Amino acid sequence: MLPATFKLCAGISYRHMRNMTGLRKNAMVAISHKLSSMSLTDQGPSRWISQVRRRSSLLSSRIEEEPCSEVELAYVKQGQEALQKSINILSQQDGWQTEIETASGDRVLSKVLPDIGKVFKLEVVLERHPDELYNELVDNMEQMGEWNPNVKQVKILQKIGQETMVTHEVSAETPGNVVGPRDFVSVRCAKRRGSTCFLAGMSTQHAAMPEQKGVVRAENGPTCIVMRPCAEDPDKTKFTWLLSIDLKGWIPKSIINRVLSQTQLDFAQHLRHRMAASEEELEAAALAC
């Protein structure tokens, strides 16, 4: 299978086939699937497989549709900036303080950063493969309001290529209406690097979604969800969510800290329930066949 796959990819080097976008995309998908299967059977990718995967990823990104306007290019740059800033913050090991930690090991940490303020970091382990979670959070993003009661709506306003999108999100009020509804317009960058999945974002503006009457327009960013296989069990995910947010309005910091920390813990539980329900639906469908 692998030699045939390489022949398919090599075919795109001929000039008369170079513009056949469908063939080129199919070739990259084929080799990506083959390398993934080999990495599972060989207990991790060998050095040459990693090199080929990196090069195939670069080639694949080249053949995606390029943004065609300065505005779209600006969104792409914003998304990449949010991802890079988030990675830099998450790479800092010192200075984090525990906000909440549950008996099951879920925890929220916080840290105060210059020019950004207080950021929060959720760390949990989820019993699902990163690919499943990525599909739910990225491919099914607009369905989040169906399973997360803290979110009323997520709408994709614009997609730019395969990795960048602009979204509008409306949050629900907290119990007792301590914090009322907020809305956000965000640019998001969804990316995979090897077995690790990222979903980064930050506030932006979009002509299709000006500020709404009666709803406070909050700001966020940089924010980022990172999903990587657990070293002990690659079918489980080490899930990290960096959250930086300005809710606006006259809200005491003590309330903001409590609300944001609890929101992150709640999100992890709601996501667990969503993934469990999806599995039950699949099992029921299989039995019905």
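**The nonpolar core and its rings**

Author: In the largest nonpolar core, which has 34 residues, the members that touch the most others are Leu 122, Leu 137, Met 227, Phe 239, Phe 267 and Leu 271. A nonpolar core is a set of buried Ala, Val, Leu, Ile, Met, Phe, Trp, Tyr and Cys residues joined through side-chain atoms within 4.5 Å. Buried means under 20% relative accessible area, exposed over 50%, and partly exposed in between, with a 1.4 Å probe and protein chains only. The model is predicted: local features need pLDDT of at least 70 and side-chain atom pairs pLDDT 80 or more, while totals for chains, interfaces and linings use all residues. Residues are numbered from 1 along each chain as its sequence is written, and side-chain values use heavy atoms, without hydrogens and water.

Reader: Which element supplies the largest share of this core?

Author: Helices (H or I, at least four residues) and strands (E, at least two) are DSSP runs, numbered from the N terminus. Elements that each supply at least two residues of the core include strand E3 (117-126), helix H6 (130-139) and helix H8 (253-288). The largest share, eight residues, comes from H8.

Reader: Is Phe 267 buried or exposed?

Author: Leaving aside neighbours within four places in sequence, Phe 267 is in contact (heavy atoms within 4.5 Å) with Leu 137, Met 144, Trp 147, Asn 148, Phe 239 and Trp 241. The relative accessible area of Phe 267 is 6%, so this residue counts as buried.

Reader: How are the rings of Trp 147 and Phe 267 arranged?

Author: A pair of aromatic rings is described by the distance of the centres and the angle of the planes. Rings of Phe, Tyr and Trp (its six-membered ring) pair if their centres lie within 6.5 Å; planes under 30 degrees apart count as stacked, over 60 as edge-to-face and the rest as tilted. Here the centres are 5.8 Å apart and the planes stand at 50 degrees, so the pair of Trp 147 and Phe 267 is tilted.

Reader: How far apart are the ring centres of Trp 241 and Phe 267?

Author: Both Trp 241 and Phe 267 are buried. Their planes stand at 55 degrees, so this pair is tilted, and the centres are apart by 5.1 Å.

Reader: Which residues do ring pairs link into a cluster?

Author: A search of the whole structure finds three aromatic pairs. The cluster linked by ring pairs consists of Trp 147, Phe 239, Trp 241 and Phe 267.

Reader: Over which ring does the charged end of Lys 121 sit?

Author: A charge sits over a ring if NZ of Lys or CZ of Arg is within 6 Å of the ring centre and within 35 degrees of the ring normal. The charged end of Lys 121 is 4.2 Å from the centre of the ring in question, that of Trp 96.

Reader: Is Asp 115 buried or exposed?

Author: Asp 115 is found in the loop between strand E2 (107-113) and E3. Its phi is near 70 degrees, a positive value in a residue other than glycine. Most residues other than glycine have a negative phi, and most peptide bonds are trans. With a relative accessibility of 86%, Asp 115 counts as exposed.
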